[in-house]
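Dear colleague,

Please find below the structure that I am handing over to you. A short account of the findings comes after it.

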Amino acid sequence: MSARAVPVPDVLTIAYVVLTAEPLDRDDLVPLPERSLLRLRGSSNEALDQMARLTHQRVVSRTVGPGAARFAADEARREALNLAAEHDGLVIDLQTPQVVETFGIDPRPAAQWFSFGYDPDRPDEVGTHGLSALGLPEIVVRSVPEGQRPMYDMVVVGLVHRLLDEWPAHDPVGPARVTLGDITAGYEGGDPTESGNAAGVDVLIDFDPDVPALRVEFMSDPAETLFGS
């Protein structure tokens with residue numbers, strides 16, 4: 001049996017911070033993400049303005065093994081959101097990071113657990129933020145053709161869904177195929193419905209321990225493979 005390429009962490013700490021105008025049972029002083037970073041991750045200006053008015057902090061966290069991370073994070077997030085609702089507060093996900101503004105979040109879709117980051121100095125690169133909180137390295141895709149970023153994003157969402165379902169039992173390094181069913185499951189939850197030989201985008205995953213990150217190379221054109229265009 002070959003050795004794993006991607007190390008599996010022993011434990012993970014998942015943390016959300018509840019911001020309130022008045023102190024709760026304790027004040028947990030933790031460094032908060034910069035407003036510019038939260039805006040980049042999709043947080044609204046209204047939420048960020050509210051954040052500036054809330055000066056007290058209460059951390060809600062869980063420490064678990066990587067196999068239970070997604071559902072432990074969901075439990076912690078719901079606890080934080082309920083606490084915020086009781087005290088007119090606001091919740092910040094310290095992993096992604098972003099302001100959490102939705103109660104009805106389904107823990108199954110992969111798209112709920114990470115965001116995309118775009119570096120203006122590297123316009124042909126797509127990267128994820130948030131997977132490391134669940135024990136996986138972040139994903140980096142290079143040489144994305146101009147105008148095809150949304151298509152590549154869709155495939156990454158499908159790939160992340162597959163990886164989260166298989167982690168940590170299976171090492172992610174090696175070839176993989178991302179189907180339309182994977183993509184749908186990545187956005188909506190559930191399991192892909194196609195057979196194992198369904199058409200899809202072939203990718204090759206390599207682990208870069210220096211970053212650390214999963215380098216994903218597309219071996220086929222997603223637009224042509226998935227939609228015949």
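The model is predicted, so local features need pLDDT of at least 70 and side-chain atom pairs count only at pLDDT 80 or more, while totals for chains, interfaces and linings use all residues. Residues are numbered from 1 along each chain as its sequence is written, and side-chain values use heavy atoms, with hydrogens and water left out.

Helices (H or I, at least four residues) and strands (E, at least two) are DSSP runs, numbered from the N terminus. Two strands are said to pair if DSSP finds at least two bridges between them. On that basis, six strands, in the order 5-6-7-10-9-8, make up an open sheet of 6 strands with mixed pairing. Its edges are strand 5 (115–117) and strand 8 (174–179), each of which pairs on one side only. On average, neighbouring strands of the sheet are turned by 30 degrees against each other, direction ignored.

Strand 8 pairs with strand 9 in the antiparallel sense over 6 bridges, and Thr179 stands opposite Gly200 in strand 9. Strand 9 (residues 200–208) also pairs with strand 10 (residues 213–218), again in the antiparallel sense and over 6 bridges. These two strands form a hairpin with 4 residues between them; Leu204 stands opposite Glu217 in strand 10.

Helix 4 (residues 149–166) lies across strands 5, 6, 7, 8, 9 and 10, and runs at about 110 degrees to strand 8. Axes here are lines fitted to C-alpha atoms, for helices over the stretch in contact, and angles run from 0 to 180 degrees between N-to-C directions. The axes of helix 4 and helix 5 (residues 180–188) come within 7 Å and cross at roughly 80 degrees. Helix 4 is therefore roughly perpendicular to helix 5 (under 35 degrees is roughly parallel, over 145 roughly antiparallel, 65 to 115 roughly perpendicular and the rest oblique). Contact means heavy atoms within 4.5 Å; the residues that make it include Met154 and His161 of helix 4 and Ile183 and Tyr187 of helix 5.

The buried residues of helix 5 are Gly181, Asp182, Ile183, Ala185 and Gly186, where buried means under 20% relative accessible area, exposed over 50% and partly exposed in between (1.4 Å probe, protein chains only). These residues pack against helix 4, strand 8 and helix 6 (222–227). Helix 5 is followed by Gly189, whose phi is positive, near 90 degrees.

A nonpolar core is a set of buried Ala, Val, Leu, Ile, Met, Phe, Trp, Tyr and Cys residues joined through side-chain atoms within 4.5 Å. The largest such core has 48 residues, and Tyr16, Ile139, Val141 and Leu159 have the most contacts inside it. Elements that give two or more residues to this core include strand 1 (12–20), strand 2 (56–64) and helix 3 (69–86). A second, separate core of 12 residues includes Leu19, Leu54, Leu90 and Val99. Leaving aside neighbours within four places in sequence, the contacts of Ile139 include Val126, Leu159 and Val216.

Finally, Gly65 lies in the loop between strand 2 and helix 3. Gly65 counts as partly exposed because its relative accessibility is 29%.

Yours sincerely
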